Amino acid sequence: MIRLFFRRSTTALPAALLAVFAWVAVSADGRAADSPEEAGLKIAIEARDRDKGFGNFIANLTMTLRNKRGQESRREVRLKVIEVEDDGDRSLFVFDRPRDVKGTAFLVHAHKDVPDEQWLYLPALKRVKRISSSNQSGSFMGSEFSYEDLGSPEVEKYTYRLLRDEPCGALQCAVLERIPTSADSGYTRQLVWLDREELRIMQTQFFDRRDAHLKTMVAEGYEQYLDRFWRSRTVTMTNHLTGKSTVLTWSDYEFGTDLELSDFTRTALKRVR
């Protein structure tokens, strides 16, 4: 705990001098206190490191699209994810239902310090379409998730700042501001709530290029796998400008499958069933 003691007369000290006292404050162990930027980056790195080492997994998900009148449509999707050493994860989304999107597949090669590579396979056209980095702010399959949202949130893609700690439900959360480093991002900044105990993302607020609060994503129902890795059962993205929302409901997580990097190539997209 940081403690500074002043006699009563210090209330007359100039504001600039008080700022100096605050700047040189040290923690109880004698080390200089982290700046908000340093503290935010440390939290982001620790959250990433806690989720390292899962290898690969597969899961099923139901994507529920809701318009502002509450009308719904559903899609069933399979997800495959594999870790890549010294790079971002690779992810493959395969749509199984309804019939009009069956066979559509979306491949992501996430990277740490360059834009993600993304491709969409359209079975009706039998061709693979590359999603350029300048178009990744567009809607993914009509949902409230953008292509950018479905990439891997590598630490190197943002700068960070710890804003505050505050309660989030029954938990205590750190609130970080993270700013995308890519000029092609659809967001000026994001506010992220991570619970202090496990560093799971509980909520993310997205601000558009005019710095208006565009969307909020809420993750709920976390479960632990392999006694280490946390995954949520439900993720809801709400668009505050349109009143629409998309709910992803996850199930049947399976880790340590026989996935290989060759399953995550452009050529493999056309063979997806």
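**Close-up views of a predicted model**

**Figure 1. Aspartate 227 counts as exposed, with 74% relative accessibility.** Exposed means over 50% relative accessible area, buried under 20%, and partly exposed in between (1.4 Å probe, protein chains only). The model is predicted: local features need pLDDT of at least 70 and side-chain atom pairs count only at pLDDT 80 or more, whereas totals for chains, interfaces and linings use all residues. Residues are numbered from 1 along each chain as its sequence is written, and side-chain values use heavy atoms, with hydrogens and water left out. Aspartate 227 sits in the loop between strand S12 (223-225) and strand S13 (229-231). Strands (E, at least two residues) and helices (H or I, at least four) are DSSP runs, numbered from the N terminus. The phi angle of aspartate 227 is positive, near 60 degrees, in a residue other than glycine. Most residues other than glycine have a negative phi, and most peptide bonds are trans.

**Figure 2. Asparagine 60 and aspartate 252 are in contact.** Asparagine 60 belongs to strand S1, and aspartate 252 to strand S15 (residues 245-255). With a relative accessible area of 31%, asparagine 60 is partly exposed; aspartate 252, at 54% relative accessibility, counts as exposed. Phi of aspartate 252 is near 55 degrees, again a positive value in a residue other than glycine. Neighbours within four places in sequence aside, asparagine 60 also contacts Val77, Arg78, Thr249, Trp250 and Ser251, where contact means heavy atoms within 4.5 Å.

**Figure 3. The largest nonpolar core has 43 residues.** A nonpolar core is a set of buried Ala, Val, Leu, Ile, Met, Phe, Trp, Tyr and Cys residues joined through side-chain atoms within 4.5 Å. Phe57, Phe106, Phe140 and Trp250 touch the most other members. Strand S1 (residues 56-66) gives the most to this core, five residues. A second, separate core holds 13 residues, including Ile43, Leu162, Ala174 and Leu176. Residues up to four places away in sequence not counted, phenylalanine 140 touches Met63, Phe95, Phe106, Phe145, Ser146, Tyr147 and Leu150.

**Figure 4. Helix H2 (residues 36-50) has 15 residues.** At 1.5 Å a residue, H2 should span 21 Å, and the distance of 21 Å between its end C-alpha atoms agrees; the expected span is 1.5 Å times one less than the number of residues. Ala39, Gly40, Ile43, Ala44 and Ala47 are the buried residues of H2. They lie on the same side of H2, because they cover an arc of only 135 degrees around the axis, the arc being that of the directions from the helix axis to the C-beta atoms. The packing partners of these buried residues are strand S7 (158-168), strand S8 (171-180) and strand S9 (189-195).

**Figure 5. A disulfide joins cysteine 168 to cysteine 173.** A disulfide is counted for a pair of cysteine sulfur atoms within 2.5 Å; here the S to S distance is 1.9 Å. One disulfide is found in a search of the whole structure. The link of cysteine 168 and cysteine 173 is right-handed, with 70 degrees about the S-S bond. Cysteine 168 and cysteine 173 are both buried.

Figure 6. Methionine 202 lies in strand S10 (residues 201-207) and counts as buried at 18% relative accessibility. From C-alpha to C-alpha, methionine 202 and alanine 219 are 5.1 Å apart, at a sequence separation of 17 residues.

**Figure 7. A cis peptide bond joins arginine 97 and proline 98.** Omega of this bond is about 0 degrees. Proline 98 is in the loop between strand S3 (90-97) and S4.

**Figure 8. Histidine 109 is found in strand S4 (residues 105-109).** Histidine 109 has a relative accessible area of 9% and is therefore buried. Apart from neighbours within four places in sequence, the contacts of histidine 109 are Asp89, Arg90, Asp116, Glu117, Trp119 and Phe264.
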